[in-house]
Amino acid sequence: MTERSRRVFEYLLILPMYIALSVPIGIMLNGLGIKSVVVLFYLCYLTVNLMIGMIVHAAGREKWDILYIFIADVIFVLLFRDIILTINIAAAFAASAIIAILNIRKIKRFGWAVAAVAEITAAHLIFDTTLPKYAAVCIVILTFYGIAMLLKKDVRYYVAIPIIMCIVGFLAPVSEEPYKWDFVRKAIDGTGKFISRLKDETVYFFEGFGSGNLGYTGYTGTGKVSGKIEKNVKEELKFDFRSKSLPVYLKGRSYKTFTKNGMTDPEEEANYSDWFAVYMNSLYYAGVDHEESTYFSKMMIADVSYKYLRTEDVIRPQTVLNVDYNDKVPKKKKKGFGYRVRYIALDTASPDFEKLVNSVDKDAEPLSYTDMIAYVMDVYGIDFRTVMTEEQYYAAVAPKDMSAYLDTSMATDRMIELTNELTENCESDYEKALVIEDYLRHYEYSTAVDLTDKENYIDSFLFEEGRGYCIHYAGAMVMMLRIAGIPAKFTVGYNHSDTESSLVLSTESHAWPEAYIAGIGWINFEPTAVFETAADTTWGLGEDSRKTSSGSVPYDDEYWKRYIPQGNDQHVPIDVQIEQQKKEAEFRTGTALKLLGYTGSMVAVLILFILVLKLIGYIKYMRLSPEGKIKSNMVNVFDIIDKNKKVKKKKNRSIFEYPDLIADEELRDKLKSLIEVYIRIRFRGDDADDEIIRKSREMFRAIKKSSGKVLVSE
């Protein structure tokens with residue numbers, strides 16, 4: 001074979017890889033919406049470029065191939081002067097340029113694998129669930145070639161298998177519809193989930209050091225004002241409903257005192273179920289029986305377990321009755337901690353609940369403990385003694401000092417003016433709270449707001465910035481409630497509204513205000529624009545009271561311009577904002593997981609490919625003659641010794657010199673004996689028996705296993 005013929009032959013061997021790389025590029029450009037890239041035209045000019053490349057290689061000028069291709073493509077552009085053809089010529093040249101880059105000596109070995117990963121990623125993003133069959137075949141071939149290049153520098157003579165795959169792939173029957181790679185997607189998604197879980201485990205582990213919040217996002221249990229929020233989705237709780245699921249606020253901790261940095265002075269709750277004593281007295285004096293109680297309340301049971309969460313707080317529903325712990329309660333709750341909770345879900349938007357609020361007699365004497373036991377059994381069918389003791393009951397219904405929840409030291413004149421104007425026509429505290437809630441929901445929701453450097457973050461939120469997230473909304477409503485004379489506190493926890501899932505995600509962490517309505521107790525309100533109010537999720541009977549309340553909002557559309565900063569008064573509908581949030585979070589996390597999934601898949605394919613190569617090598621070895629097996633084993637022994645770092649490189653080393661490089665005396669003598677037998681078999685024609693083959697194989701394994709210890713430095 002002449003030198004020119006050899007070059008043409010080598011080029012033809014690598015040509016299928018060039019095609020496998022280039023074809024998907026044209027398909028993807030077309031899939032991106034660049035309709036000017038016509039696959040037929042693109043392939044025609046690509047073929048011309050590849051032919052030019054072959055001619056240049058045959059002439060021994062392969063370093064200049066991309067220059068010749070560029071000149072030819074420019075000539076085509078000048079000749080045809082057609083925009084469609086020009087775009088296709090440019091696309092074909094781009095593919096040729098990528099090939100030229102991948103053939104650079106320093107890039108060649110790793111570049112093909114990188115190109116394969118890039119095409120897999122791009123194809124997944126562009127074609128969603130389907131991929132044209134011939135493009136898929138090309139990507140599979142490219143992937144195998146990229147892996148082969150990683151294992152061996154030059155594999156042009158070992159591409160027979162991918163070529164056969166290519167031929168079989170193109171000759172195989174093709175359905176009219178593109179093939180759906182659902183099993184590949186499932187494998188990728190599964191790998192992505194595994195890597196995501198591994199990431200969460202790593203982050204969770206490091207949360208146990210230092211302050212306990214290293215890299216922590218989601219629930220923090222603090223009332224501090226933070227800067228911009230970077231969302232990170234992870235599973236923090238499992239809230240497994242035992243009955244019909246309803247949206248629920250999961251409370252962690254409440255705060256009483258305002259500072260320029262946020263809320264401090266956490267509330268110490270002696271008994272989580274104190275609210276129930278006040279609530280049941282109100283039901284009694286309103287004459288509510290079992291049937292009427294079902295109009296706005298439901299008994300619920302749920303199992304709670306901590307996942308990627310580390311906190312001292314017991315996360316529970318606001319209206320809890322009992323918390324039954326599975327084990328001893330540690331100070332620091334972490335993964336594995338769990339309990340069962342019994343609570344009552346309240347529909348505070350029900351008209352029947354509003355009637356209850358309006359019928360409260362603030363001066364009524366609490367029921368006796370004995371009477372309360374009987375009444376609770378009649379209404380809810382539970383033993384009140386399992387909820388609280390007699391001592392706890394009388395402590396719960398005793399008058400409370402609410403001064404800590406009425407502190408307005410950070411209130412400014414314009415906060416006071418705004419609050420008074422909003423609530424001047426309201427007839428009850430409950431109505432005032434609803435009006436303030438509705439007003440704040442006209443502010444724009446944004447997680448990009450940073451008010452940490454402000455002297456008064458509530459005033460800045462209300463009158464300067466005009467936008468913020470839950471901490472700002474909740475803080476503003478707590479202050480406005482207190483200005484209106486209503487005790488209020490700032491609460492942090494979760495707003496778990498995804499009733500179809502028992503998993504509580506870090507993105508559901510939330511802050512909201514609680515208002516104390518005399519005779520009823522603490523009630524949640526939702527001023528944050530993108531979250532649903534009780535009116536949006538009402539499940540009680542009758543028409544929603546929050547939409548028909550006699551205390552109508554005392555302002556019109558022009559009113560917003562008076563207080564809310566200009567430019568931020570265009571309120572985006574709640575459902576639209578929620579959907580936008582979900583899409584943004586899903587896109588960021590989805591993209592990251594997909595890329596991680598591709599990496600994992602490539603590693604899996606690489607491992608599989610290595611195993612296949614080893615299997616092929618074993619089969620080839622077993623098919624050798626006895627003499628061939630001994631030769632293969634001995635050549636491998638010499639090759640391992642030559643490649644060892646302790647051994648100096650030497651051309652034409654005699655096989656009799658290799659034993660002198662062995663430090664272990666016993667192993668050195670065995671190698672000398674094997675070499676003598678090997679010489680007689682190879683050059684004198686002696687027979688090779690199974691014993692000699694076994695010894696040569698064992699020598700190969702011994703040298704391979706511990707070559708660093710048995711070899712000596714020259």
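The structure is a predicted model, in which local features need pLDDT of at least 70 and side-chain atom pairs count only at pLDDT 80 or more, while totals for chains, interfaces and linings use all residues. Residues are numbered from 1 along each chain as its sequence is written, and side-chain values use heavy atoms, with hydrogens and water left out.

**Overall make-up**

- The secondary structure comes to 24 helices and 16 strands, where helices (H or I, at least four residues) and strands (E, at least two) are DSSP runs numbered from the N terminus.
- Of the 714 residues in the protein, 44% are buried, a term that means under 20% relative accessible area, with exposed meaning over 50% and partly exposed lying in between (1.4 Å probe, protein chains only).
- The accessible surface, computed by the Shrake-Rupley method with a 1.4 Å probe, is about 37,100 Å², and 57% of this surface belongs to carbon and sulfur atoms.
- When contacts (heavy atoms within 4.5 Å) between residues at least 6 apart in sequence are considered, 75% of them join residues at least 24 apart.

**An open sheet of 5 strands**

- Strands of a sheet pair through backbone hydrogen bonds, either parallel or antiparallel.
- Here 5 strands form an open sheet with antiparallel pairing, and their order is β9-β10-β7-β4-β14; two strands count as paired if DSSP finds at least two bridges between them.
- The edge strands, each of which pairs on one side only, are β9 (320–325) and β14 (503–505).
- Within this sheet, β4 (residues 235–241) and β7 (residues 297–306) are joined in the antiparallel sense by 5 bridges, and Leu237 has Tyr306 in β7 as its bridge partner.

**Strand β13 and its partners**

- Strand β13 (residues 488–496) is largely enclosed by the rest of the structure, because 9 of its 9 residues are buried.
- Strand β5 (residues 248–259) runs antiparallel to β13 and is joined to it by 7 bridges, with Phe490 in β13 as the bridge partner of Tyr255.
- Strand β15 (residues 509–517) also pairs with β13 in the antiparallel sense, over 7 bridges, and in β15 it is Pro513 that stands opposite Phe490.

**Nonpolar cores**

- In soluble globular proteins, nonpolar side chains tend to be buried together.
- A nonpolar core is a set of buried Ala, Val, Leu, Ile, Met, Phe, Trp, Tyr and Cys residues joined through side-chain atoms within 4.5 Å; the largest one here has 104 residues, and those touching the most other members include Phe239, Phe276, Met280 and Leu283.
- Helix α17 (residues 470–483) gives this core its largest share, 11 residues.
- A second, separate core has 31 residues, among them Tyr11, Ala20, Ala91 and Ala116.
- Leaving aside neighbours within four places in sequence, Leu283 is in contact with Val288, Phe296, Leu356, Tyr375, Val379 and Tyr380.

**Helix α17 and His472**

- Helix α17 is mostly covered, since 14 of its 14 residues are buried, and the residue Gly485, which follows α17, has a positive phi near 85 degrees.
- His472 has its place in helix α17 and counts as buried because its relative accessibility is 0%.
- Not counting residues up to four places away in sequence, His472 touches Val225, Val449, Leu451, Tyr457 and Phe461.
- Although His472 and Gly262 are 210 residues apart along the chain, their C-alpha atoms are separated by 9.3 Å.
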